[in-house]
Amino acid sequence: EIIDRLRRKPLDDPRVRKALFLGVDREAIAEKVLRSGTRPAWSYLGAGFEDYPGNTLAEQSMPFPERQRIARALLAEAGFGPESPLTLPYTFDAQEENRRVFVAIASNWQAIGVTAEANALDTGRYFQKMRSGDFVVARFAQFAAYGDPYGLLQPLQSQSPANWAGYSNPVFDDLLRQSNFAPDAAERGRLMARAEQVLMADYPMVTVYHQVTRRLISPRVKGWVDTPRGTT
């Protein structure tokens, strides 16, 4: 996932954030660049959580050229174009997979008029930059500490020390708070799904792909149960 610092120009403009989101061909990245079973990510949370209805964005059904057209129009509305191009430093951990994803995203963004400048760092320096907020756009992967949607949503609450993106929306915060007092699992799931809808409507990140775990399990093994976290 690409996470931006929402309080700094030009990413304080939601039109720019939405353009960056629409301008990424996540299907091609998952299916042609990575080719490891990863799934294109049109939402922050992946599938498979119990009692969680999930979300689908309208843009998911659009052909990629149409998404690119809308992205260029949004950037033009925000004041960016051939005469005033948008350049964004892109920070990532200098592993080969991350480099390949950067090349793909940089190419996608170039097609809508955005230049991504590579800032590849070793792991230690990368996390130092992330924790201190010393980045504009950065590649980041989020994993839940436990098999529940709350484990992924909670780090994006306004006061969370793990909220490196600087995301803040009181409606999102309140929906998560309400989910803690829901009378049953289904209502709790609906409240968290609404919180995710609010999050995605703000475009604080460009979701790219959901990782998967691949296992070869013998039919002789009994009682095997998979979970969204990939552990039994």
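Predicted model: local features only at pLDDT ≥ 70, side-chain atom pairs only at ≥ 80, totals over all residues.
Residues are numbered from 1 along each chain as its sequence is written, and side-chain values use heavy atoms, with hydrogens and water left out.

Helices here are DSSP runs (H or I, at least four residues), numbered from the N terminus. Axes are lines fitted to C-alpha atoms over the stretch in contact, and angles run from 0 to 180 degrees between N-to-C directions.

| Pair | Residues | Axes come within | Crossing angle |
|---|---|---|---|
| H2 and H4 | 26-34 and 96-110 | 11 Å | roughly 135 degrees |
| H7 and H8 | 170-179 and 185-202 | 8 Å | roughly 170 degrees |

**H2 with H4.** The crossing is right-handed (the near helix is turned clockwise from the far one by less than a right angle). H2 supplies Ile 29, Val 33 and Leu 34. They meet Glu 97, Arg 100, Val 101, Ala 104, Ile 105 and Asn 108 of H4. Contact means heavy atoms within 4.5 Å. By class, this contact has six nonpolar residues, one polar and two charged. Ala, Val, Leu, Ile, Met, Phe, Trp, Tyr, Cys and Pro count as nonpolar; Asp, Glu, Lys and Arg as charged; the others, Gly among them, as polar.

**H7 with H8.** These two helices are roughly antiparallel to each other. Their crossing is left-handed (anticlockwise in the corresponding sense). On the H7 side, the contact is made by Val 171, Phe 172, Leu 175, Leu 176, Gln 178 and Ser 179. H8 brings Arg 188, Leu 191, Met 192, Arg 194, Ala 195, Val 198 and Leu 199. Nine of the contact residues are nonpolar, two polar and two charged.

**The buried face of H7.** Phe 172, Asp 173, Leu 175, Leu 176 and Ser 179 are the buried residues of H7 (buried means under 20% relative accessible area, with a 1.4 Å probe and protein chains only). Seen down the axis of H7, they fall within an arc of 165 degrees, so they line one face of the helix. The arc is that of the directions from the helix axis to the C-beta atoms. These residues pack against H8 and helix H6 (150-153).

**Gln 157.** This residue lies in the loop between H6 and H7. Gln 157 is buried, at 16% relative accessible area. Leaving out residues up to four places away in sequence, Gln 157 touches Tyr 150, Asn 163, Phe 172, Asp 173 and Leu 176.

Technical notes:
Parallel < 35°, antiparallel > 145°, perpendicular 65-115°, else oblique. Buried < 20%, exposed > 50% of the residue type's maximum accessible area, 1.4 Å probe, protein only.
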